[in-house]
Amino acid sequence: MSRIAALIVAAGRGERAGGDLPKQFQTLAGIPMLRRSVDAFAARADVEDIVVMAPDDHLNTAFGVLLGTPARVVPGSDSRQGSVAFGLEALASRRPDHVLIHDAARPLVSQVVIDRVIAALIAGSDAAIPLVPVADTLKRKDGEYWTTVARDGLFRAQTPQGFRYASILKAHRDHATVSVTDDMALAEAAGLTIASVAGEETNMKITTPEDFGHAERLIAGDMADFRTGMGFDTHRFAPGDHVWLCGVKIAHDRALKGHSDADAGLHALTDAILGAIGEGDIGMHFPPTNEKWRGAPSSMFLEHAVELAKAKGGAVVHCDITLICERPRVSPHREAMRARVAEILKLDVSRVSIKATTTEGLGFTGRREGLAAQAIATVRVPAS
């Protein structure tokens, strides 16, 4: 069986896309573009190794985006060609049979396109490239004059582009001083046999702010069913010196009693996500009678719910948590809580809402015997 690795090129700046971060770290329907690109290959049993080339000043950003994936992150270069060369060298100790080189800016690549590229390599080609025929009329301007360019035989190149690993590594080493726009140009220079496979219009390259909007509409077309789940949780106070709320440790004159870390906020949110995807409640997945979960961080429960949603082809796109308590005060910790929940859900913080209220001295929360939390989660799933 062929050993296959994937290189994800994500070291560019993407300035035409705008935003505070390079475009590969910006979100599409709540999920960072880089994460979408990596997940397309991480979901495959035949891809054994994934290396991501990221900007050297955004390595920590890349690590955060890719938590929970098998991807390795290495520093990239100022040029795409240099970044790919670094990635290929990072695979040298493992020497896969084939390598797929994919641009992080194409986050909607389908398994069908990946299958076609791999099949061409397994069939014996040195290289394989997905192509889409040019459909628009092409014009060339020469000074003040325009001429029509015949589009017969013209194609748009996409990624992933696949190669025999040893062949493309040698091509990069032998032609390091030759500037090219993609790896297939090096394969051509090296005289490798190249197979073409059908690409897809949806395998678009995101370059401008308008492209983000178009990509999100494509995603919404495939995942047009929105489901909402609600969760509720309570915990009583017990002796202690801190509480956990929404993933943040807060100094307090009491603790919350529970089998795990008793984080009512994350418990409520976990139940909300499980409810949205029809997967029962937190007690079914993490029984309090099981000693394995004693003292466990509630982030584990929330991550599990997110993975269950992903396994169904879904994605959490928004959440709203309300903490109900007299003490501790939530407002000083609200932004830290939002950031932590966003980190766990792999969402932009703008898609996480955390509020607090009291019961005006009424009930067990009013008597400061405990606190409660309720949460609502919105999950986008494939249309049935």
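A92 is found in the loop between α3 and β6. Helices here are DSSP runs of H or I of at least four residues, strands are E runs of at least two, and both are numbered from the N terminus. A92 is partly exposed, with a relative accessible area of 25%. A92 and L169 stand 77 residues apart in sequence, but their C-alpha atoms are 8.8 Å apart in space.

The model is predicted: local features need pLDDT of at least 70, side-chain atom pairs count only at pLDDT 80 or more, and totals for chains, interfaces and linings use all residues. Residues are numbered from 1 along each chain as its sequence is written, and side-chain values use heavy atoms, with hydrogens and water left out.

The chain has 384 residues, and 50% of them are buried. Its secondary structure comprises 12 helices and 19 strands. Along the principal axes, the C-alpha atoms fill a box of roughly 80 × 50 × 40 Å. Contacts (heavy atoms within 4.5 Å) were considered between residues at least 6 apart in sequence; 71% of these join residues at least 24 apart. The chain exposes about 18100 Å², and carbon and sulfur atoms supply 52% of that area. Such areas come from the Shrake-Rupley method with a 1.4 Å probe; for residues, only the protein chains shown count as cover.

The chain carries 43 positive and 47 negative charges, and their mean positions are 2 Å apart. Lys and Arg count as positive and Asp and Glu as negative, while His and the chain ends are not counted. Each charge is placed at NZ of Lys, CZ of Arg, CG of Asp or CD of Glu.

Two helices show how residues are covered. Helix α1 spans residues 33-42 and is mostly covered, with eight of its 10 residues buried. The buried set is M33, L34, R35, R36, S37, V38, A40 and F41. Helix α3 spans residues 80-90; its buried residues are Q81, G82, S83, V84, G87 and L88. These buried residues pack against strands β1 (4-9), β4 (47-54) and β6 (98-103). They also pack against helices α5 (165-174) and α6 (183-189).

A helix pair comes next. Two packed helices are described by the angle between their axes and the distance between the axes. Helix α8 (residues 264-276) and helix α11 (residues 334-345) pack at about 35°, with their axes 13 Å apart. Axes are lines fitted to C-alpha atoms, for helices over the stretch in contact; angles run from 0 to 180 degrees between N-to-C directions. The crossing of α8 and α11 is right-handed. A crossing is right-handed if the near helix is turned clockwise from the far one by less than a right angle, and left-handed if anticlockwise. At the contact, L266, L269 and I273 of α8 meet V341, I344 and L345 of α11.

Backbone geometry has some exceptions. Most residues other than glycine have a negative phi, and most peptide bonds are trans. T159 and P160 are joined by a cis peptide bond, with omega about 15°. P160 sits in the loop between β10 (155-157) and β11 (161-164). The bond from R327 to P328 is also cis, with omega near 0°. P328 lies in the loop between β17 (315-324) and α11.

C246 is not a glycine, yet its phi is positive, at about 50°. C246 falls in the loop between β14 (242-245) and β15 (248-251). It counts as buried because its relative accessibility is 0%. E360, also not a glycine, has a positive phi of about 55°. This residue lies in the loop between β18 (352-357) and α12. E360 counts as exposed because its relative accessibility is 69%.

G366 belongs to helix α12 (residues 363-366). G366 counts as buried, at 16% relative accessibility. Leaving out residues up to four places away in sequence, G366 touches E326, T359 and G361. G366 and D233 are 133 residues apart in sequence, and their C-alpha atoms are 16 Å apart.

R13 is placed in the loop between β1 and β2 (27-28). R13 counts as partly exposed, at 37% relative accessibility. With residues up to four places away in sequence not counted, R13 touches P22, K23, P55, D56, D57 and H58. R13 and R164 are 151 residues apart along the chain, and 29 Å separates their C-alpha atoms.

Terms used. Buried means under 20% relative accessible area, exposed over 50%, partly exposed in between (1.4 Å probe, protein chains only).
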